[in-house]
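Please look at the sequence and the structure shown here, and keep both in view while reading the report that follows.

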Amino acid sequence: MICPYCSGMMKKGKLISEGRGLMRFNADNQRQDLFGAIAGKGIVRNVKMTNGRAELDAFYCERCKKLVADVNLA
Ligand SMILES: [Zn+2]
C-alpha cells in the first residue's frame, strides 16, 4: 500500500491486542457511558480472534509513523 501522507511504501502487518480480546476506538477521548459500554459501542468488529488475542490487518509507514487499517466500528 502507498502511504497517503508521504506516498512511500507501507509495510503490511497486523495490529494485535492482547488481553480481553477486544479492540475499541474512542472518538475524541469521550468518556463512554455505561449504556455505550454494554451496547459494545466503538468495538472494532472485523478483528480476527486467534488464541484469545485480536488481530487486525494494517499497514505501517516507518517514515510517517502512521498505521492504516480497514475498520468496521459498531
Ligand atoms: Zn508515510
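D57 forms a salt bridge with K14, and the closest N and O atoms of the two are 2.9 Å apart; a salt bridge here is a side-chain nitrogen of Lys or Arg within 4 Å of a carboxyl oxygen of Asp or Glu. D57 lies in strand β3 and K14 in strand β1, so the pair ties together parts that are 43 residues apart in sequence. Strands, like helices, are DSSP runs numbered from the N terminus, with at least two residues (E) for a strand and at least four (H or I) for a helix.

The model is predicted, so local features need pLDDT of at least 70 and side-chain atom pairs count only at pLDDT 80 or more, while totals for chains, interfaces and linings use all residues. Residues are numbered from 1 along each chain as its sequence is written, and side-chain values use heavy atoms, with hydrogens and water left out.

## A charged network and one further bridge

D57 is partly exposed, with a relative accessible area of 32%, and K14 also counts as partly exposed, at 45% relative accessibility. In these terms, buried means under 20% relative accessible area, exposed means over 50%, and partly exposed is what lies in between (1.4 Å probe, protein chains only). The side chain of D57 also meets that of K48 in a salt bridge, at 3.2 Å from N to O. K48 is partly exposed, with a relative accessible area of 44%, and salt bridges that share partners join K14, K48 and D57 into one network.

By the rule given above, the count comes to five salt bridges. One of them joins the side chains of E62 and K11, at 3.1 Å from N to O. E62 lies in the loop between β3 and β4 and K11 in strand β1, so this pair ties together parts that are 51 residues apart in sequence. E62 counts as partly exposed, at 45% relative accessibility. Side chains of opposite charge can pair when their charged atoms come close.

## The zinc site

Which residues hold the zinc ion? The zinc ion is coordinated by the SG atoms of C3, C6, C61 and C64, at 2.3 to 2.4 Å. Donors are N, O and S atoms within 2.8 Å of the metal (3.2 Å for Na, K and Ca), and because water is not among the atoms, sites may look incomplete. The four donor atoms around the zinc ion subtend angles of 103 to 116°, which makes the arrangement tetrahedral, a word used for four donors if all angles lie between 85 and 135 degrees. For four tetrahedral donors, the ideal angles at a metal are 109.5 degrees.

In sequence, the donor residues of the zinc ion follow the spacing C-x2-C-x54-C-x2-C. C3 lies in the segment before β1 (11–17) and C61 in strand β3 (residues 53–61), so the pair ties together parts that are 58 residues apart in sequence. C3 is buried, with a relative accessible area of 2%, and C61 likewise counts as buried, at 2% relative accessibility.

M10 lies in the segment before β1 and counts as buried, at 6% relative accessibility. The C-alpha atoms of M10 and R63, which are 53 residues apart along the chain, are separated by 9.1 Å.

S17 is placed in strand β1 and counts as buried, at 17% relative accessibility. Not counting residues up to four places away in sequence, S17 touches L22, M23, R53 and A54.

## The chain as a whole

Of the 74 residues of the protein chain, 23% count as buried. Among contacts between residues at least 6 apart in sequence, 59% join residues at least 24 apart.

Notes
Contact = heavy atoms within 4.5 Å. Tetrahedral: all angles 85-135°; square planar, octahedral: opposite > 155°, others 65-115°.
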